[in-house]
Amino acid sequence: MPGHIRYQQDPLVASVTLVYPERFNAMSRAMWSELRTVAQAIQRHDTVRCVLLSGEGAHFCAGGDISEYTSFRFEEASLRDFHEQDVWGALSALLACDVPIVAQIAGNCMGAGVEIASCCDIRLAAASAQFGAPIARLGFPMAPREAALVGREVGLVTARQMLLEAAVLGAPDMLQRGFLSRVVADDELAAQAQATVQRIIRLAPQAARLNKQTLRALNPSPALLDQGQIATNTTASGDPLQPLLVNAYAYADSAEQREGITAFLAKRPPVF
């Protein structure tokens, strides 16, 4: 069965689950679109007080579904569309959601998983969880908006390690670096996440939404640059991402990206 987003809701809690267990819940293009739709629906729902976001089974999210990449990553327009519409559409919808989001992180949290977790308000991880964005092994960079978001949430020192040396970091390390709210024993993760959700739903829901709005206003990010400003005016906003976005996907047909993706699919080491 292809990957999908499972959305369950009772009057107060929305449960959002990334479901693609045979690929460690890697995100397909369809899953990005579904995640955006779900986040927007939650934002419109007046009674929901908390979102619990998790991955099916033993992992949170291992990244993107690389098996799809040859169909769109080697052409600039389709690559731009993937990142600016599919991926950023979902991430920006999560960031714009006024309902508190709790991330329940087990196993692999890589690439797209780190990006999704970066949109959550409270992040709980199992002690054995691992974090990284080793996409340099695939021959391509992190898209500018996504890199700005991850850099803000994990910290620039950690982002540099993840992106420049493909470092994979453990949950205790990510707790110390300030990315995680709590680290718990693997067999206690689900119960602790549920306990956190229960604490949140007992509090004033309007106050929670207003707090999220205030925190967003106090912590602006260049990653939140409006989609419509790309490519036409590189100076109007004064945003440092603006010039980058104009040619951000010109590497689409590069030999490095082709080699990285081809090598991964062939299950061999890349040669750069």
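## Salt bridges

R29, D81 and D86 are joined in a network of salt bridges. The model is a predicted one. Across the whole structure, a search finds 12 salt bridges.

One of them pairs K212 with D121. Their closest N and O atoms are 2.8 Å apart. K212 sits in helix α8, residues 205–218, while D121 sits in the loop between α3 (112–118) and β6 (122–126), so the pair ties together parts that are 91 residues apart in sequence. K212 has 9% relative accessibility, so K212 counts as buried. D121 has 37%, so D121 is partly exposed.

Another bridge joins R152 and E153, with 3.2 Å between the closest N and O atoms. R152 is partly exposed at 32% relative accessibility. E153 is partly exposed too, at 22%.

## Helix α10 and what follows

Which residues of α10 are buried? They are Q257, E259, G260, I261 and A263. The cover over these buried residues includes α2. A helix has a repeat, and the repeat sets which way side chains face. An α-helix has 3.6 residues a turn, so residues three or four places apart point the same way.

E259 also forms a salt bridge, and its partner is R268. The closest N and O atoms of E259 and R268 are 2.7 Å apart. Is E259 buried or exposed? The cut-off for buried is under 20% relative accessible area. E259 has 18%, so E259 is buried. R268 has 34% and is partly exposed.

K267 lies in the segment after α10 (255–265). Its phi is positive, about 60°, although K267 is not a glycine. K267 has 77% relative accessibility, so K267 counts as exposed.

Most residues other than glycine have a negative phi. F24 has a positive one, near 55°, and F24 is not a glycine. Where does F24 lie? F24 is in the loop between β2 (13–19) and α1 (29–44). With a relative accessible area of 37%, F24 is partly exposed.

Strand β4 covers residues 101–105. Why is β4 described as largely enclosed by the rest of the structure? Five of its five residues are buried, so β4 is largely enclosed. In a regular strand the side chains alternate between the two faces of the sheet. In β4, I101, A103 and I105 point one way, and V102 and Q104 point the other way. All of these residues are buried.

β4 pairs with β3 in the parallel sense, over four bridges. In that pairing, V51 has I101 of β4 as its bridge partner. β4 also pairs with β6 in the parallel sense, again over four bridges. There, the bridge partner of I105 is A125 in β6.

## Nonpolar cores

How many residues does the largest nonpolar core have? This core has 67 residues. W32, I105, I116 and F131 have the most contacts inside it. Helix α2, residues 76–95, gives the largest share of this core, nine residues.

Another core lies apart from the largest one. This other core has 13 residues, among them C50, A126, L189 and I201.

## The loop at T47

T47 lies in the loop between α1 and β3 (50–55). T47 has a relative accessible area of 38%, so T47 is partly exposed. Which residues does T47 touch, leaving aside neighbours within four places in sequence? T47 is in contact with P11 and L12.

T47 also has a link to H45. A polar contact of 3.0 Å joins the side chains of T47 and H45. C119 is another story. T47 and C119 are 72 residues apart in sequence. In space, their C-alpha atoms are 21 Å apart.

Technical notes
Residues are numbered from 1 along each chain as its sequence is written. This is a predicted model: local features need pLDDT of at least 70, side-chain atom pairs count only at pLDDT 80 or more; totals for chains, interfaces and linings use all residues. Side-chain values use heavy atoms; hydrogens and water are left out. Helices (H or I, at least four residues) and strands (E, at least two) are DSSP runs, numbered from the N terminus. Buried means under 20% relative accessible area, exposed over 50%, partly exposed in between (1.4 Å probe, protein chains only). A salt bridge is a side-chain nitrogen of Lys or Arg within 4 Å of a carboxyl oxygen of Asp or Glu. A nonpolar core is a set of buried Ala, Val, Leu, Ile, Met, Phe, Trp, Tyr and Cys residues joined through side-chain atoms within 4.5 Å. Contact means heavy atoms within 4.5 Å. A polar contact is a pair of N or O atoms within 3.5 Å; within protein, one must be able to donate a hydrogen and the other to accept it, and residues adjacent in sequence count only if both atoms are side-chain atoms. Two strands pair if DSSP finds at least two bridges between them.
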